[in-house]
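The exercises below concern the structure shown here. Each task is followed by a solution in steps.

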Amino acid sequence: MNVTDTIDYSPFEISAALTVMVPIALAFFLVIGGVGNLVVIVAVIMSKNLRTVENIFTITFMGLSFLAVCYGFPVQLLIDIFVIRSQPGCVLLGSTLITISVQYTMILLFVTIERYVKICLPFRAHAIFTPRNVTLAVIGILIYGFLIGSGIGGIFWIDRGDVWMSERRCNLLFIIPSSRFIQLVMAHWLLPLPAMLIIYIRIFFVVRRHIRVIADLTPTTVASISSSDPSNRRPAYVASHQAPNNPSMVNPHRRFLKEARSAFVLFLVVITYVICWFPFIIFVSIGVLSDQTASAETFVIAHCFVYSSGIVTPYLYGFGNKEFRDKMISLLSSIREILRGAIP
């Protein structure tokens, strides 16, 4: 007898709550999340000012966010309501979800590192983040995520057909029948979070110190030094650092503040990511999601929180940057006009 014959494949009765919850959540994620991520991607492609080296990370990040919202979430819903169960499709689709999630988290970590280098090591940033280096980093992350999600995970299926009998739900235990490898996957989801928070704390102190230094170089300070000069002449070093009259001082300062604002927006993205993952982490920690008797509603709610970061991120990142905001508003206005013309 085949081991799959012992699995209960009887139809799963969808509750009234799920009948309402699933279609609404699916429509909301596909429309709001899909449009938001696509608009950011198109904005980078169409705007010459946005086609920068650092936005290679951004467009990759938004591309993965689009896949998570428009592919990962619908598949996850099918898994949560038992349409996809412990069968070969579970392994294929589940491994794809793991691949996207690992790539998503690693790209977010690399974007954070890029912000740190731009702000804390500005003279080395251009040498480190060249188009070639950034492209190779993105390719490396995508390949690494693929190996973690599918390539390496496949070896744990050798001589483990008994898992088909023991697992009723399509979950991590079924996709990867190895507790240590599950811990490795969880580490890729969770360990980058404290690392990113530490990096942003460091960025905060650097920005605060820079602002204090600039504040000390005010016209009032210069005037007091100038009046105390017997020759009534300003020292050369004071004049060279008087920000209002020195473009060479103003431009680097403005660029620094621009990088700082960008880092702050990205910090909000990271905080949103942490908040969205928090219920899932709690459920995993207390063993709710490993319980075979857990309700489908519990899984749907937990995964709605996880994938909602893909909805918030494009709007937070896009509208938090002036260039992105202007281009996104222009594109959204164009989409609205097209829809008005299509609807009689």
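Helices (H or I, at least four residues) and strands (E, at least two) are taken as DSSP runs, numbered from the N terminus. The model is a predicted one, in which local features need pLDDT of at least 70 and side-chain atom pairs count only at pLDDT 80 or more, while totals for chains, interfaces and linings use all residues. Residues are numbered from 1 along each chain as its sequence is written, and side-chain values use heavy atoms, with hydrogens and water left out.

**Exercise 1. Overall description**

Solution. 
Step 1. Apply the burial classes: buried is under 20% relative accessible area, exposed is over 50%, and partly exposed lies in between (1.4 Å probe, protein chains only).
Step 2. Accessible areas come from the Shrake-Rupley method with a 1.4 Å probe, and for residues only the protein chains shown count as cover. The chain exposes about 18000 Å², of which carbon and sulfur atoms supply 69%.
Step 3. Contact means heavy atoms within 4.5 Å. Among contacts between residues at least 6 apart in sequence, 78% join residues at least 24 apart.

**Exercise 2. The nonpolar patch**

Task: Identify which residues make the nonpolar surface patch of about 450 Å², and which helix gives the most to it.

Solution. 
Step 1. Patches are made of residues with over 30% relative accessible area and no salt bridge; like charges are joined within 9 Å, and nonpolar side chains (Val, Leu, Ile, Met, Phe, Trp, Tyr) within 5 Å.
Step 2. The patch is made by Phe-28, Leu-30, Val-31, Ile-32, Val-35 and Ile-335.
Step 3. Helix α1 (residues 16-46) gives the most, with five residues.
Step 4. Ile-32 is found in helix α1. This residue counts as partly exposed because its relative accessibility is 30%.

**Exercise 3. The salt-bridge network**

Task: Determine how many salt bridges there are, and which residues are linked in a network by them.

Solution. 
Step 1. Side chains of opposite charge can pair when their charged atoms come close. The criterion is a side-chain nitrogen of Lys or Arg within 4 Å of a carboxyl oxygen of Asp or Glu. The count by this rule is three.
Step 2. Glu-54 pairs with Lys-118, with the closest N and O atoms 3.3 Å apart. This pair links distant parts of the chain, since Glu-54 lies in helix α2 (residues 54-80) and Lys-118 in helix α3, 64 residues apart.
Step 3. Glu-114 meets Arg-115 at 2.8 Å, N to O, and Lys-118 at 3.6 Å, N to O. Glu-114 and Lys-118 are separated by about one helical turn, because they are four residues apart in helix α3.
Step 4. Classify the partners. Glu-54 is partly exposed at 22%, whereas Lys-118 is buried at 14%. Glu-114 is buried at 3%, and Arg-115 is buried at 5%.
Step 5. Glu-54, Glu-114, Arg-115 and Lys-118 are therefore joined in a network, given the definition of a salt bridge.

**Exercise 4. Cysteines**

Solution. 
Step 1. Cys-70 is partly exposed at 25% relative accessibility, while Cys-120 is buried at 17%.
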